[in-house]
Each structure stands twice: as structure tokens, then as C-alpha cells.
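Work through the exercises below with the sequence and the structure at hand. Each task is followed by a solution in steps.

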Amino acid sequence: MRGTSQSSLDAAQARLAPVLAAAGEQAYTIGDQMFAVVDALDASGALRRSLADPSRPAADKSGLVRNLLSSAFDPKTVDALADLVADRWSHEADLVDAVDILGIDAYLASAEARGALEKVEHELFQITRGLVGQREVRQALSDSSTDPARRVKLVDDLFAGKADPVTLAICRRATAKPRGERFVPALGRVGEIAAKRRSRRVASVTSGSELSAAQQDRLAALLESAYGTAVQLNVTVDPAVVGGLRIQIGSDVLDSTVLSRLAAARRQLAS
């Protein structure tokens, strides 16, 4: 998402943030309702076009949302969506993606209200790392040709009672309603959103060998210096990694050579 749509999403998130903070743990319900709207929009091209049509007056689109949802949904959800459709969207799919992201924000806000946001972020990473060597399980969780209820049962068998309720809800959603995204990348995307919510960037580190605590501290300090913000390291060991170390932060991919240059530049600035 970029341009006009990204600006509209940013504005929607800014409007919703204080609402979610005030809702506390009840933000979870707002998340459920946002995802119900995502499913309805995915299922109806006519509804998507009606709500994303740039030639249609904003008041008409907002009114349609209120007419459809006011009798069954929380007023806070209705207000957020009415404001959302009044914004401009480059593509109708961007509107649906924006509602999906607001749903994730609401789930994470409910975890944050319980002091469990860091736990959820950590669990999402642990799950994705644990599935690295489980090809058949990954395929089963991402297989859209199978019954969604069967995939959700697999998630429950694997994680129910072991993970935070928000983590479990995110996993259930990722397998039941993949929206063109495979299970592991979907969890990774939510983990990135959780890290951003905690004002941290996520560095996915793949190392040829185990990194000591001291090595991880030095690496985090180097990356924080380079990016100007706190960095959360998610470390996975893979002996096949060429060069010993591979790091991805968003769309940036760094290897050992790049890190050496960063370290040299840092030493030069410090001298």
C-alpha cells in the first residue's frame, strides 16, 4: 500500500489509536468486528466498489456503513469504519487491507491493555521459528483447498492452552482466512506490527551458529545505531547460511560484509 491509500491508512490508525486505548481489553471485540467486515468485503465485489468509489460522496459511503452496521456493531467500530470509507483509496483492495490492519491493531491493543503485547510478539516469532523444519505442518496450515475448520482445529491442537488468547486468535485467523497470504508470512507481518506498536523494529537474524548473549547485544547496538531506533532481534540458527549471518529488517537485507562496513563506520565516527 502506498501513496493516497497509505496516507488514508495512517490517518485511520491515528484516529483509532485513542479509541482502542480507552477500550482496553474490550478492543478485542472491535478487532472481531473489523475482521467480520473484512470477510464481508472480500465476499462482495459490489460492496467493495460502493465503499471505495472515489466518485461517490464521502457522506453517502459513511451513511451506507452506518445503515449496514449500526444495529449489530459497537458504535466505536461503526464510527471508525464510517470515517475510513470517507477517505480516498487508490484501489478497492487497499480499503479491505486497511480494515484488516485495523483489526490487527485492535487485537494487539487488547493484549497491550493486559500487559501482554511483548508476550504476543515473542510467541508469534517462536511459532514461526518452530515451523521452519515442519514443512508438512506449514503446508497444512496454508492449504486453502482444505476445510478451514480443519485448519483451525490443527491450530488449536498445536497452540491452544499454550499461547496467549490474542496469539491464538491471530493464528486462527491466519489459517482460516489467509487472503492470499501463507501462514508463516502472515504471522511475521503481525509480529512486525506488534514491534512497531512497541516502537521497535524487528531484525530477523539467521546465523550459521548460535550467537551468545554478548554477540546479540553488540549486533542489536550496531543495528540500533544504523537505524536510529530500538531493534528487536529474532534469531534463527541455520548452518547452511553462507557467510555466517543474514539479517532482514523490513525490505533491507544485510549480510556479514555489510555489517562489517557498518561496524567500521561506527568505529570511525567514535574515534
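**Exercise 1.** Which helix gives the most to the lining of the second largest pocket, and with how many residues?

Solution. The model is predicted: local features need pLDDT of at least 70, side-chain atom pairs count only at pLDDT 80 or more, and totals for chains, interfaces and linings use all residues. Residues are numbered from 1 along each chain as its sequence is written, and side-chain values use heavy atoms, with hydrogens and water left out.

Step 1. A pocket is an open set of points on a 1 Å grid over the protein atoms alone where a 1.4 Å probe fits, with protein on both sides within 12 Å along at least five of seven lines; lining residues have an atom within 4 Å of a point.

Step 2. In the second largest pocket, 26 residues form the lining, and Phe125, Thr128, Val184, Ser204 and Thr236 lie nearest the centre. Two or more lining residues come from each of helix 7 (117-130), helix 11, strand 1, strand 2 (230-237) and strand 3 (245-249). Helices (H or I, at least four residues) and strands (E, at least two) are DSSP runs, numbered from the N terminus.

Step 3. Helix 11 gives the most, with seven residues.

**Exercise 2.** Which residues touch the most other members of the largest nonpolar core?

Solution. Step 1. A nonpolar core is a set of buried (under 20% relative accessible area, 1.4 Å probe, protein chains only) Ala, Val, Leu, Ile, Met, Phe, Trp, Tyr and Cys residues joined through side-chain atoms within 4.5 Å.

Step 1. Among the 31 residues of the largest core, Met34, Leu81, Leu84 and Val99 touch the most other members. Helix 6 supplies the largest share of this core, eight residues.

Step 2. Take Leu81: leaving out residues up to four places away in sequence, Leu81 touches Met34, Val37, Val65, Leu69 and Val99, where contact means heavy atoms within 4.5 Å.

Step 3. A second, separate core has 26 residues, including Phe35, Leu117, Leu124 and Ala194.

Technical notes: Buried means under 20% relative accessible area, exposed over 50%, partly exposed in between (1.4 Å probe, protein chains only).
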